[in-house]
Amino acid sequence: MALIDPVLLKARLGFLAGRFDVDALDECDSTNSELMRRAEHGAPAGTVIVTDRQSAGRGRRGRNWLSAPESSLTFSLLWRFSGPLGRLSGLSLAVGVAVAKALEGLGAQGVCLKWPNDVLLQTGEGHAKLAGILVELAGDRRGTQAIIGIGINLAPPDGDLAQPAAALSQAGHSVADRHVILAAVLSELAGVLETFALEGFAGLKADWQQRNAWQDLPVQILGEGAAPLVGRCLGADEDGALLLETAAGIERIFSGDVSLRPVGSTLGGRSA
């Protein structure tokens, strides 16, 4: 499968083409790491690194993220926000909304979201991971820099995976052209990130909530060395914290080093 062609991509982005500066690489260590290096040298907001292969791809909590041109779309976007880091609470959830909307717009069915940073596909056997998101933030005198990494499974990944994985090809979508998929996701990201800059996650909460995989269902929060915290998932608040209704009342859970699982699940995973 050929590399992403920035010229073809611009044609599919239409009037949004000027918002993005796309560089397609055959291979890099990770798109987030490569983009971070470029950001340190003054790369503008809207810079995108897309690669066919990562030698050291990273998921949340230090897990590996695999990529291959025939089965995945892996890229990172640089965006800048005014104000301090604290204003960006819930950004990974907002990015999930953009990815879900883009895939739905392409005809994908059964797409849902898992707090705080996974896109899932609902299948006859439950939920499986369709895409992962890794957002890395850094503050400087100009505001806050966000490196937004996204990996989407286009075809079922090979290998012994730690959690069930799904692919866009299983979601009622015929994967014909990665340019179309990347253009759709970038277009949705442009609108979602503008809304987030003005309103924070509060402006996107309803969109996230309606796609919450376990809305109003029993879930458990698993933390390192801690007993599972069980309760009913009420979704996310306006800051992006998970709301868990427990016997002791409503708990606010921040991403930290925890994993969200449905009650009864013993699945591990590369990303929580």
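Predicted model: local features only at pLDDT ≥ 70, side-chain atom pairs only at ≥ 80, totals over all residues.
What covers the buried residues of helix H2, residues 31–40, includes strand S1 (21–28), strand S2 (47–54), strand S3 (72–81), strand S6 (126–140) and strand S7 (143–153), where helices (H or I, at least four residues) and strands (E, at least two) are DSSP runs numbered from the N terminus. Those buried residues of H2 are Thr31, Asn32, Ser33, Glu34, Leu35 and Ala39, buried meaning under 20% relative accessible area with a 1.4 Å probe and protein chains only, and covering rests on contact, that is, heavy atoms within 4.5 Å. Just after H2, Gly42 takes a positive phi of about 95°.

Residues are numbered from 1 along each chain as its sequence is written, and side-chain values use heavy atoms, with hydrogens and water left out.

Turning to the chain as a whole, there are 5 helices and 12 strands, and 52% of the 272 residues count as buried. Of the contacts between residues at least 6 apart in sequence, 65% join residues at least 24 apart.

Finally, to a pair of helices: the axes of H1 (residues 6–13) and H4 (residues 178–199), which are lines fitted to C-alpha atoms over the stretch in contact, come within 9 Å and cross at roughly 55°. The contact is made by Leu8, Leu9, Arg12 and Leu13 of H1, together with His179, Val180, Leu182, Ala183, Leu186 and Ser187 of H4.

Note on methods:
Buried < 20%, exposed > 50% of the residue type's maximum accessible area, 1.4 Å probe, protein only. Axes fitted to C-alpha atoms, helices over the stretch in contact; angles between N-to-C directions.
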